[in-house]
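Biologist: I would like to learn how to read this structure. Please start with a term, then show me the case.

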Amino acid sequence: MKRTRLTAAMLAATMSISTVHVAVPEATAQTVQTRTVSEVDQDAYSKAVEEWQRDRDAAEAELQEAHDAVASAEQRVTDAGEALGQARGVVDKARAAVADAEAALAAVDVDARQQEVDDAAAELQSAEDRLAAAQQRVDDARTTRDNAQAELDDLSEQLATKRDELENATNSLEEANADVAAARAERARIEERIRIGADYSLEDWRHLTGQAVAELINEYREANGLHPLVTHEIYIEQAQAWSDQMAADTPVMGRKDAFRHSDADEYGRSGENIAARYPGIRGDRTRKHWVGLPVALFEQWRNSPGHNRGMLDSTFEGMGLGITVDDSGNVFATTMFFNDDLDFEDGWYRDGDESTRRAQASGVPFYLPSGAREVMQADPITDPLTDTKGVTPSYGDLVSDTGELSRRTADGFDPVITQVDYDAQFRAVDNDERYAQFWVSTFTRAVEHAQQGVDELEPKVDLAHIDVNQAQDGLDRATISRDATRDDRDAAASAKNTADEALEVALATPKQPLIDDLATANDHLTASEQALADDESALEDAREGLAEADRAVVDKQDALERIDAAKPAEDDFIVEREVVETLAPAPARVSGVATASVPVAQDSVAADDGTKSEGSSTGAVIGAILAILAVVGIAAVAVPKLMEQR
């Protein structure tokens with residue numbers, strides 16, 4: 001501030017002469033111009049910044065106070081939580097004390113203790129009676145066992161000399177019995193192979209599944225008044241080839257592009273249904289993984305309007321099914337439909353397809369697919385086959401008898417499938433078992449014959465063994481029962497002693513102190529529960545205070561951000577003033593006195609508090625420079641003129 005005033009004073013002293021007189025012999029007229037100068041009012045800008053800084057410092061202080069208030073509120077919440085935990089512990093202890101007091105009072109109930117003594121005495125007497133009876137049973141069982149053992153020992157001595165005669169016959173009988181067991185085990189192995197389908201290859205299962213679907217399609221058609229479709233190895237080969245092609249193309253082309261219809265002319269077909277299941281077969285691909293596939297594929301087509309119409313088309317005469325399963329278990333299925341030449345009432349006709357002509361020329365007979373579902377043990381279809389899903393089967397204006405071929409065709413089975421004759425295997429096993437049973441009977445008679453010498457001894461020894469075993473079992477059971485009964489008697493005696501002691505304690509213990517203890521415990525519990533409720537309320541209040549302190553921090557932060565956004569900028573303090581300049585004349589001979597007047601602007605800016613500021617130091621410096629330049633200019637003109645006059 002002092003430097004600003006000193007500069008202003010020095011400029012005022014320097015520029016106090018507003019007019020400079022220069023004597024020249026001859027003078028010409030001077031040029032005067034006025035221009036506007038823009039400059040920043042530094043004093044006003046500095047004052048605004050100082051005020052803004054004071055406001056910002058105050059806002060920061062308030063924000064810090066709000067943060068401090070949050071910390072204090074959080075501490076109060078923590079303290080209230082700890083107090084609540086302690087209060088809960090006190091309540092738990094008070095409740096335990098009440099329970100203990102109630103138990104102590106119940107323990108001195110004389111009537112109850114007396115009833116317990118009476119019950120224990122009755123139970124002890126009953127246990128004594130049961131123990132006496134159990135001991136008598138042990139004594140009787142031991143006598144029986146001793147008598148049976150003596151009889152067995154006598155008979156065993158007589159039988160020992162006869163045992164060798166039976167050895168060979170017995171060994172042969174055991175071998176025959178082993179043969180019976182082996183036959184039965186073989187039957188079980190066959191049954192297990194049937195269960196898992198182990199005798200059918202992957203190709204067999206694919207062809208079985210295809211024929212099973214074909215059988216379902218024919219049942220579906222016949223249930224709705226249509227003729228069944230025949231099949232042929234050429235039909236099956238064409239359908240199988242396309243399923244194989246889709247499976248091979250999938251890793252290369254992707255599922256979407258690979259899943260497509262075959263070319264009708266190339267494959268010589270009249271219609272086609274395709275399906276894919278990702279994956280359709282999981283696991284080790286045994287029978288259980290295939291039995292549900294025929295119905296699944298059939299229903300997948302029946303529930304699709306276009307595929308459903310194909311299965312119920314009256315113009316078709318034959319079909320072929322192809323099933324392919326890739327390494328990932330994905331199933332690709334193709335049904336190709338075929339027909340011979342067709343004529344219609346309106347004169348139109350349709351040529352038969354190429355595959356049908358090839359099949360007719362092959363000499364291999366057509367056949368109606370039958371038997372695969374039974375061989376597969378496939379899942380039954382549950383949805384009624386009369387439900388056509390909106391399709392109305394009709395022969396319409398068809399003149400050709402498309403059902404004629406099926407009427408003269410016999411049932412058949414896909415020749416690719418190697419059928420396993422389990423009936424023959426079972427018959428062989430049955431023969432083996434009957435043969436072994438024959439030898440069992442033979443050697444049994446041999447044993448019986450060998451035992452002719454011991455006919456009287458063997459049964460007696462066996463019976464004697466049985467008698468001894470049964471007698472020993474009886475003795476063991478009687479001993480175990482007696483020991484358990486003794487344990488019961490001991491437990492009853494112990495219970496009686498405990499009941500007597502409890503009754504004595506109940507008779508000797510005054511009740512009033514226990515009643516008072518219970519009342520005191522209840523009072524303490526009530527007070528503890530009230531304190532717990534107060535601590536819960538205090539915690540809730542502390543939490544509300546913390547929420548309010550958090551909101552205050554948000555408000556103070558918003559206020560500080562608004563102050564930061566309102567920070568003054570120099571562009572808001574630009575002022576303008578006018579400056580009058582007298583320019584030097586052009587070179588000429590002049591006489592007289594040239595006068596240059598350079599007014600020095602005396603700017604002042606009103607301060608916010610109503611007092612005058614010391615002026616703009618920048619403006620004063622600019623004015624001084626302009627004044628000096630004016631004097632120098634006049635001198636540059638006047639001096640040469642004076643020199644010429646000399």
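Modeller: Contact means heavy atoms within 4.5 Å. Leaving aside its neighbours within four places in sequence, T209 is in contact with W290, L293, P294, I323 and M376. T209 belongs to helix α5 (residues 202-223).

Biologist: What kind of model is this, and how are its residues numbered?

Modeller: This is a predicted model, in which local features need pLDDT of at least 70, side-chain atom pairs count only at pLDDT 80 or more, and totals for chains, interfaces and linings use all residues. Residues are numbered from 1 along each chain as its sequence is written, and side-chain values use heavy atoms, with hydrogens and water left out.

Biologist: Is T209 buried or exposed?

Modeller: Buried means under 20% relative accessible area, exposed over 50%, and partly exposed in between, with a 1.4 Å probe and protein chains only. T209 counts as buried because its relative accessible area is 0%. E74, in helix α2 (residues 42-107), counts as partly exposed because its relative accessibility is 42%. In the protein, buried residues make up 36% of the 646 residues.

Biologist: How many helices and strands are there?

Modeller: Helices (H or I, at least four residues) and strands (E, at least two) are DSSP runs, numbered from the N terminus. The protein has 18 helices and 11 strands.

Biologist: How is the reach of a helix such as α4 read?

Modeller: The expected span of a helix is 1.5 Å times one less than its number of residues. Helix α4 (residues 163-196) has 34 residues and reaches 48 Å from first C-alpha to last, close to the expected 50 Å. Helix α6 (residues 233-253), with 21 residues, reaches 29 Å, close to the expected 30 Å.

Biologist: Where does α4 bend?

Modeller: The bend at a residue is the angle between axes fitted to the seven residues ending there and the seven starting there. For α4 there is a bend of about 30° at A169. A169 is also one of the buried residues of α4, which include L173, V180 and R187. The cover over those buried residues includes α9 (287-290), α15 (422-450) and α16 (457-508).

Biologist: How should I read a sheet?

Modeller: Strands of a sheet pair through backbone hydrogen bonds, either parallel or antiparallel. Two strands count as paired if DSSP finds at least two bridges between them. Here three strands form an open sheet in the order β3-β5-β4, with antiparallel pairing. Its edge strands, each pairing on one side only, are β3 (271-277) and β4 (318-325). Eight bridges join β4 to β5 (residues 331-338), and G318 stands opposite F338 in β5.

Biologist: Which helix lies across these strands?

Modeller: Axes are lines fitted to C-alpha atoms, for helices over the stretch in contact, and angles run from 0 to 180 degrees between N-to-C directions. Helix α10 (residues 293-302) lies across β3, β4 and β5, at about 120° to β3.

Biologist: How far apart are E74 and L546 in sequence and in space?

Modeller: E74 and L546 are 472 residues apart in sequence, and their C-alpha atoms are 6.1 Å apart in space. Among contacts in the protein between residues at least 6 apart in sequence, 85% join residues at least 24 apart.
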